[in-house]
Amino acid sequence: MKQHFLTFAACLWASVTAFSQPEYEFRAAWIATVDNIDWPSKGNYNTAQQKAEFIAQLDMHKRNGLNAMIVQIRPATDAFYPSPYEPWSEWLTGKQGKAPSPYYDPLQFMIEETHKRGMEFHAWCNPYRAEFSIGKSSIAANHVTKLHPDWFLAYGGKRYFDPGNKEAQEFVVKVIRDVVHRYAVDAIHFDDYFYPYRIAGKEFPDNKTYAKYGNGLSKDDWRRSNVDSIIVKLGRVIREENKYCKFGISPFGVWRNQSDDPEGSATTAGQTNYDDLYADILLWLREGWIDYVAPQLYWEFGHKAAPYEVLLDWWSKHSYGRHCYIGLAPYRANSNAAWRDKTMLPRQIEALRDYPGIQGAIYFSSKSFVNNPNGWSDSLRMNYYRKPALIPGMIWLDSLRPSSPTVKSFTVVDSSTFEITVVRSGIEKKHIKSFKAYLSADSTDAFVNFYSARPVDVQPGSDSCIFRIQLPADKRYASIYLTTLDEAGNESLPYADWPLPLRFEKLENEAWIVQ
């Protein structure tokens, strides 16, 4: 009976908070390294300055209430980490293959700094782009385009892996396996560049590969099967290396137009995932091959070809139980009349929160927020993301709650501040990702209710953490609840070794006791 009550109370609390600020919501920004869009800045090859720039962006996003970073670590078959397969990126050191000096591992550094702030780190990799600008890009002698030129095709001034080449596929899978094996990334994230976007009057030059491997399929179906196969392979190796590591895709915002498929959206997009990029996102979601989808909805309300409101509604109904985070476009601020409207981004956030099938948003791109365009950084910090949110759990990765934490010590800091040292349960076998503190101080509450308490802090840590909690002036009604969260986002029941919750009485001499 108690468990049924807790479940009902949790559902009731979730429904109440949906109309204010969600307790669980994915809030992220893309940090693009290709062509030095976001980090590091162009010409900055100094290790200390690169670190300082990255930390400054992290701190900005932390102030704005974000809880995850999606950082591009493989922009063009190169690496922002010491890879056994691919050379150092030219956008890191100015010359492909050249290591940072003084030496450091940027990926390890970025993961550690991101996790210190209680945020997830999603490793963003471009699947098939190999040479950003033919004849202009810096290409190392040991780059795979030099070692295996037959794996690549030139198109639109860039060089791409041939997605139909089986050896090329296996190489990409091997690279991703290495990242998940060696680094504590929370997710592998792929963007929308599978087959490249079409160029008018030019066909992607894969006739030779199609003749060899087509096996009777139409070319379109064969191309889609090539993309499907690498998604399956990637999902498999990610799970083999780390069963809690998520796999997400950020596709172009339109799967198919309704004019081509009754299942499609009421849009008139010139190119689509299914028909032009050969990415059948809905298949991957239905089959559970990926954990989340982040469609890039970079259009405004009422857009002629791809209205934001139409696509938001469509994706909310086509995530098939997987998470859906909406890609939003602060980079478009003041680019036209629609994006000079200061309410555009706030209204888009409000709209996506109306859909239970949408679990959050990702912003392109990081540096767009630096100058507070249209006051949108202020909007996040002071309004929409004023209260911290946890990243929604994925029950298909793990649905079991971790054990409640244990309080090791508690100390009075001053007349209004209490410090609590919390440790993981001695019986817990799972990796603990963070600890969370709630505060209830409502004198009208007739009974102690965890589900009406408000979250006041989340601290990263696998073994212990210290919470410093500010109490209200009247401490008689202050109740503190402490929980743990695991890698899949599951939250424990509150700490209950002492009489639940921790409660305080104000005595004449200002000392506190625990009831």
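Contact means heavy atoms within 4.5 Å. The model discussed here is predicted.

Q: Which residues does Asn242 touch, not counting residues up to four places away in sequence?
A: Asn242 sits in the loop between helix 8 (219-241) and strand 8 (246-249). Residues up to four places away in sequence are not counted. With those set aside, Asn242 touches Val180 and Val185.

Q: Does Asn242 count as buried or exposed?
A: Buried means under 20% relative accessible area. The relative accessibility of Asn242 is 19%, so Asn242 counts as buried.

Q: On which side or sides of helix 13 do its buried residues lie?
A: In helix 13 (residues 376-384), the buried residues are Trp376, Ser377, Leu380 and Tyr384. Because they cover an arc of only 120 degrees around the axis, they lie on the same side of helix 13.

Q: What covers the buried residues of helix 13?
A: The residues in question are Trp376, Ser377, Leu380 and Tyr384. Their cover includes strand 1 (26-31), helix 12 (344-352) and strand 11 (360-363).

Q: How many helices and strands does the protein have?
A: Helix 13 and strand 11 have already been named. For the protein, the secondary structure comes to 13 helices and 19 strands.

Q: What share of the contacts with a separation of 6 or more is between residues 24 or more positions apart?
A: The contacts considered are those in the protein with a separation of 6 or more. Of these, residues 24 or more positions apart account for 71%.

How values were computed:
Residues are numbered from 1 along each chain as its sequence is written. This is a predicted model: local features need pLDDT of at least 70, side-chain atom pairs count only at pLDDT 80 or more; totals for chains, interfaces and linings use all residues. Side-chain values use heavy atoms; hydrogens and water are left out. Buried means under 20% relative accessible area, exposed over 50%, partly exposed in between (1.4 Å probe, protein chains only). Helices (H or I, at least four residues) and strands (E, at least two) are DSSP runs, numbered from the N terminus. The arc is that of the directions from the helix axis to the C-beta atoms.
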